[in-house]
Amino acid sequence: MVSDKIILDHGSGGRSSQELIEKLFLPRFGNSLLNELNDSAVFELGGAKLAFTTDSFVVDPIFFPGGDIGSLAICGTVNDLSMRGARPSYLSVGFIIEEGFLIKELEQILFSMEKVAFEADIQIVTGDTKVVPKGAADKIFINTSGIGLVPANIDIAGQNARPGDAVLISGTIADHGITILSAREGLFLDSPLKSDASPLNHLVQKMLNTGSEIHVFRDPTRGGLATTLNEIAIQSQVAIDIYEEAIPINESVLAASEILGLDPLYMANEGKLIAIVPQSQAEAVLAAMRETPYGRQAALIGQVKEQNPGKVVMHTTIGGKRIIDMLTGEQLPRIC
Amino acid sequence: MKHLSEYRDKHIAKKLIDAIWDLSETPVRLMEVCGSHTVSIFRHGIRQMLPETIQLISGPGCPVCVTARAEIDRAIVLSSYPEVIITTFGDMIRVPGSLSTLQKQRAGGADVRVVYSSFDALKTACENPKKTVVFLAIGFETTAPAIAATVLEAKRIKIDNFFILSAHKLLPPALTALLNSDRLNIQGFIYPGHVTTIIGTLAYEQIAQKHGIPGVVCGFEPIDILETIFMLIRQIEQGETTVEIQYKRGATATGNLRATEVLNQVFITCDSNWRGLGLIPESGLTLRDEYRSFAAEDYFDLKVQPAKDHPDCVCGEVICGTKNPAECRFYRKVCTPQNPIGPCMVSTEGTCAAYYKYYIA
Amino acid sequence: MCLAVPMEIKKISGNIALVEYEGAKKEVRLDIVDQQPAVGDYVIIHAGFALHRIDEEEAKKSLRYWEEILAKTDETFE
């Protein structure tokens, strides 16, 4: 370990997080399911094929344009289950609340959780609440776990990308990451930036219903598109080529990234998925995606290649090439 | 995005690249002085699009990476005072001192806050009257006037809990030092657009005359960089040594007189240590006597052990363009963006960091 | 080395301006800008300060040459 203390980078979803998992967690907890390091574990239990996942939410600020910590907590877990092709059914919710937190704000959070749960068609079936003394937590933290059925014929996982496959994204990148950073640091007086937090299970069902052979689903959350593509390239031992021009991005997100010196490829998304499908089926899948509210701006952004396994290469708009590495540390506004 | 998107047009880029291929005959080494140019060149994949005759060398880079280890050590000492809030640009958080970084200090309980502007640091001081707020004043000529203006405002509002730790660096003295040391073997300079916005082109004119090296002041978008390379190649092939401005929307020959006036009112030049290059005379800025009451180094006891660069780190040579990162024995093995040793790996703009992140070997 | 972006002036009060770029609004200082900008002008912003008022004519000139070359080659292509 480079550092003897936990620093924020360890939670940023990039290389440092990876290091923590590989050096501390896997040697102790490692097993065939965990070692896959997928968004959720898929296993058979009592004759049923299940997906199971957990996620904790500590976002600051807790309310932001486009959502709040509650909607995020439902979307995150629903999406992690969906990324294995599962139909999410039941969620648990655990709250850790700081003493003095306003009941009114809690109600607001619960209201948005209820709304997203309804939209995603899942039920919250068990839960827990702990209150800690002032200062022992920052306002409110939420953990959600979820479980869902995986149809028997489906095998969708990060290690399944094959040379020749097409890489699809369901919409614009970086909306969530740049919104949260701007809101937290008060970087803009006003802006059209809005988090993309949304449950993707219906979109996933639409895609599965096309009957296409989907190899990989991943939601590019922390670490952004760049980091997730790197993870897939490593897990599947393939190279991924992407085209800068094809990647959808909102002008306001691009502008804010320029102002703050951030790279949108590394900013988090909370309502987007990457799908890797055989090239021949890409158009059919894209068409299905574009018919859904969260897939309207879906685009084909690249191809899976055989040479240079583990690498992600971007073909730039002006015709150059560059390597896209994983996120190496928390992104901060800079002047240089 | 007005004034940016136009300069990313792929059709114009293609024309420029064709024009450069047509024009370039003599093998040349061009130095991009500025780290933002290095990043832009890598981000857009410009290097691989150029003919073999043109080699791009990354120069002194950015004010963050060249901040000397001892200067970081002083900031780290400051961060350990319980009454101190350190305010800094995000760039500085990961820069390693001898034993720690500000990021690690923050993890250990120090109050280290990232600000977007020096004025936000002053605001933090106003909002925390019982604390002492220190702003880490770094940056080249582009940033120093803004910080000088902040010091003037601090004096005007008579605030007594706001200090700066000045580690500013000046670009022309560093270039002159490199040129005088005969370590540079380059035929053209790609000059930094935003430093020029402030200082104008006078210093470059002197370099062109004395050392016979042409230069072009360049913007930061891919078209800007390609056009600058085209302009430099045209000069070199025609045997000219003048200073031209490609970045006309952002820079003028005279520079920003108002900003330099504010800068000179508050700061005076001093000798300064550059990570990787060593001590360069008159290449730093320190507060003038009238503004010393804002100097953190006068108010706090900031004695630190003298810190040396690692003897096997070749950043000095990388900056001069005599070695490339892959020739360093630390590169990618010990020295990575997560654990940087020399200045070129420290900031995302450093040559080594840019190679590490973007380069297709 | 020095990240700076063009933003449009929306409002000026004394030494402070409200600037906007693709909807993102910020407050910046005008203490050191080279020429006093007016509402509608674009200025180059660095670390919360306006440094330079963009001369629209100069900006247009710089691209025109290449746009013309491009237009010419397009004609020959047709």
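Reply: Domain 1 of chain B and domain 2 of chain B share 1 residue pair in polar contact, with both residues at pLDDT 80 or more. A polar contact is a pair of N or O atoms within 3.5 Å; within protein, one must be able to donate a hydrogen and the other to accept it, and residues adjacent in sequence count only if both atoms are side-chain atoms. The salt bridge count between these domains is 0 (a side-chain nitrogen of Lys or Arg within 4 Å of a carboxyl oxygen of Asp or Glu).

This is a predicted model, where local features need pLDDT of at least 70, side-chain atom pairs count only at pLDDT 80 or more, and totals for chains, interfaces and linings use all residues. Residues are numbered from 1 along each chain as its sequence is written, chains are lettered from A in the order in which they are written, and side-chain values use heavy atoms, without hydrogens and water.

Now the domains themselves. Domain 1 of chain B spans 1-311, and domain 2 spans 315-358; such bounds come from an automatic or database domain assignment. Their C-alpha centres lie 18 Å apart. The contact (heavy atoms within 4.5 Å) takes 26 residues from domain 1 of chain B and 21 residues from domain 2 of chain B.

The area buried between them is about 1,900 Å². Buried area is the accessible area (1.4 Å probe) that two parts lose on being put together, summed over both. Carbon and sulfur atoms give 67% of it. On the domain 1 side, F42(B), C65(B) and R183(B) lose the most area, together 25% of what that side buries.
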